[in-house]
Amino acid sequence: MSRRVLYFSLLSLSLTACSSVNNKQAEGGFDYAEQEEAAPLIIPQGLTKPKQPNDYAVTNEVNHQGPVGQNMDIRAPSLVMPIAASSRVVEESGIAIIWFDKVLEEQDLLNFIDKVVKDKLADDNISYSVITEDTELTLSKVIEGATSLKETSIDRDGVRTSIIESDWYHNEVDNGWIFTDIEQSTSLRFRYQLLAKPHGRSVSLRVSLVDYLQTDKRGGSKTMDPIDKQRAEKSMLNSIISLVDYNYRVQQRENRLLRANQKLVTLGQNPVSEDAFVVEMGIDNLWDNMPIFFEKHGFTISDLNETKRIYYVDFVKPDTSIWDSLWGDDVPVIDVSDAHYQFVLAPLDEKNEKTSVTIYKADGEPLSKEVLDKIFPVIEAGLSFRNVF
């Protein structure tokens, strides 16, 4: 999980710096900060004031209380990075908040992200506690980070929330070689607030810094610079977003493997007790996808009866060559004679979740169980539409 280490390293680097380098300051001298503004030009009485273009004039209406020179923080602003699928940020918000929209239909979105947060804290060896608060209070805390009306129009009925507070994250900077001293120690504690909209398909996650303590040779402080606070919150949020994205990919891979290994086709019987293939798919979906199966396995559709769900097909065994196998273009061949066949589909259950596929020869005789056993490996992969979807 090198990605987790990377993001936490970025968090640590954003909060502390080596004593010899200050990445908040610009390099060079700051004499300009001490310069006094030149006195305005005084025109003697009776003389005409010369033209004075204002192309490069600098107004004096600026914030004189702001940082100047070496006190100015030159770092680029921190951003929330919505790299996870279907994630979006609140525009122009300085709050570390993001919205996730549902990606995995079989997963509860709030529980999924809640587990990601808890797993991250466990991997970081950080204990946590679950906070129970009034829903109205939670809503107000989340909404204060939104700047658009769309993001704040949340129906209170059916809202689900989850609030987690972490224990302390500690980071220490050592000084020395053989005998080391702790030059600086920084400790942070975070709150993770999740809120699901009533329909459950959108969940917000906000990260807040709730406690801070820094100690160095000059003493201790519980007050954090606002810019550093914002950077710490967004860095932590970004690390969780990356883990949500990672867990999406893991779950999607598992789902693909499950579908690839799932036996959708078995040998059985049709509604009139004739030997047939049984496909775990609704008859309408299977009917619509049968042409893909025919095209890939040497069948040509000559006619069809949509009412009775019958495909009339001609079979010609495909020619394969050594080049097909070399380039991976060869398709397993169904070992039956070149002839006319009928593929008849019929529903097998009231829920329309299983369909029988009976193959009849031109004389109306269904293929025997021995033939079905022989061609089953090719038919099973073909009617499962493996490597197609």
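I began with the rule for ring pairs: rings of Phe, Tyr and Trp (its six-membered ring) pair if their centres lie within 6.5 Å, and planes under 30 degrees apart count as stacked, over 60 as edge-to-face and the rest as tilted. I noted that this is a predicted model, in which local features need pLDDT of at least 70 and side-chain atom pairs count only at pLDDT 80 or more, while totals for chains, interfaces and linings use all residues. Residues are numbered from 1 along each chain as its sequence is written, and side-chain values use heavy atoms, with hydrogens and water left out.

**Ring pairs.** By the rule above I count 12 aromatic pairs. I looked up Tyr169 and Phe190, which are edge-to-face with 6.0 Å from centre to centre and 75° between the planes. This pair links distant parts of the chain, 21 residues apart, with Tyr169 in strand 5 (residues 169–175) and Phe190 in strand 6 (residues 181–196); strands are DSSP runs of E, at least two residues, numbered from the N terminus. Tyr169 is buried at 4% relative accessible area, and Phe190 is buried at 0%, where buried means under 20% relative accessible area (1.4 Å probe, protein chains only).

**Cluster.** I then found that ring pairs join Trp287, Phe293, Phe294, Phe299, Tyr311, Phe315 and Phe343 into a cluster.

**Charges over rings.** I checked for NZ of Lys or CZ of Arg within 6 Å of a ring centre and within 35 degrees of the ring normal. The charged end of Arg189 sits over the ring of Trp168, 6.0 Å from its centre, and Lys197 lies over the face of Trp99, 4.9 Å from the ring centre.

Definitions and conventions:
Helix = DSSP H or I, 4+ residues; strand = E, 2+ residues; numbered from the N terminus. Buried < 20%, exposed > 50% of the residue type's maximum accessible area, 1.4 Å probe, protein only.
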